[in-house]
Amino acid sequence: MNISHYDLRSALSLLRENDMLLETSVPVDPETELSGVYRYIGAGGTVQRPTNANGPAMLFNDVSGFPGVKAAIGVVGNRDRVAALLGSPKEQLGWLLCQCALHPIDPIVSPEKPLCQQVVHLASDADFDIRKIVPAPKNTPLDAGPYITMGMCYATHPETGLSDVTIHRLCLQGPHELSIFLQPGSRHIGAMAEYAEAHGQNLPISISIGVDPAIEIASCFEPPTTPLGFNELSIAGAVRQEPVVLTPCISIPENCIANAEFVIEGEIITGHRVQEDKNSHTGYAMPEFPGYEGSASSACWEIQVKAVTHRSEPILQTCIGPSGEHVSMAGIPTEASILNMLEKAMPGKVCNVYAHPSGGGKYMAILQCRTTVPTDEGKQRQAALLAFSAFSELKHIILVDDDVDIFDSDDVLWAMNTRFQGDKDIITIPGVRCHPLDPSSSPDYSPSISHKGISCKTIYDCTVPFHLKEQFKRAAFREVDYTKWLKKD
């Protein structure tokens, strides 16, 4: 593992050197145009086709209405880029994050003046308006407003003093106001806000935008791998092999990420909620990872902004909700969480895990299983059940043997077509809590679903029964050094 970058700018330089970055000085409007451009060039994920899953990241040097500000998108938009940025083979990213979660390196707070505070805007200034400082994009015409989609939200539990970082959707609602969607019971900052509210307090929060990719990936870990009180920045520290550096905010008693491009400082205001689309009245929030427009929430929390700080000529980092970036940020920690649990329960029996892009990194996992003795039969399905418990938002699991390339969808479907019979190899678990953004998990879709967010979890067992393994050997070709035939005459 060799990482030579510790902020967004050096990460972009690495992508540039490896022909993974497209840089343009053609002016772009952050209101729907920026996302509309990248939808075609490199979004991937569950974005409506046509889109390109293997396109480059992009750096827009001219963001209309924001002189001196740039915008980056797609930085961790596919697995090849994440592998280059984290210094790991792309097939081993899940294992890398699994080991880093087991051997964390805690962040440190530095007293030195940070890069993120080169320029300071105080909310008390007469002309302060966050909408004129931060070029947050509006992804589609139906969006509730401009959204910050890559903000590292950092807060501290009022009772325990333990801190945490997560990513939430943040809508710019006014000159000093953001809305933040905290899904009840799902993220640690939500638990902190609920505790603060119960005790009549507001919750200080910093939002760091434009950081290095190790932080972006690590911030998406969830329980049980990272329970309440586990600071995911320590996983990023393990990836980098040195601590993430924090710095005190200037207007609130909280820390932020010292090398961020932008930092928004504020407080989550308790005691009331915000209608997310109160300015647009469209009924929608923004495109979510399953590929559909998300419904506007009537129960968002309000953040009152106290200050915005940023680097000189800052870079606003953003993503498209259903794009490949969500797959990387949600899916690789999912893989690590599953591997973490399975390796403890049945070491060596699951070779690898892939959180497939079609599920946005959350809904579907492919497990590559190894059977070596007759008593291994059935452990594949046990592994699937454990995976469901390791990551509750999983809906579908496909089990394959160790001769199948789980990162090649054609190979996985080959296993399904030649090693699977629907009447014996489908295992369903109805009535289980999954994810509320799945539009099919609704009583309107099926009378078997009692409540929004309830799903039927399903295992597709595409593994060969152990006693039949000899009959299912793939055709063996001669091993040759094929590279000499690739040389030009």
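(Helices here are DSSP runs of H or I, at least four residues, strands are runs of E, at least two, and both are numbered from the N terminus.) You're looking at a predicted model, where local features need pLDDT of at least 70, side-chain atom pairs count only at pLDDT 80 or more, and totals for chains, interfaces and linings use all residues. Residues are numbered from 1 along each chain as its sequence is written, and side-chain values use heavy atoms, with hydrogens and water left out.

Pick N54, N78, R79, Y354 and P357, the closest to the centre among the 23 lining residues. Colour by class and you'll get seven nonpolar, ten polar and six charged.

A pocket is an open set of points on a 1 Å grid over the protein atoms alone, where a 1.4 Å probe fits, with protein on both sides within 12 Å along at least five of seven lines; lining residues have an atom within 4 Å of a point. Volume is the space filled by probe spheres set on the points, joined across faces, edges and corners.

Now hop to the largest pocket, about 1,300 Å³. Select F181, Q183, E288, H435 and L437, nearest its centre out of 47 lining residues. α5 (188-198), β16 (293-295) and α8 (324-345) each give two or more residues here. α8 again gives the most, with four.

Key:
Nonpolar A, V, L, I, M, F, W, Y, C, P; charged D, E, K, R; others polar.
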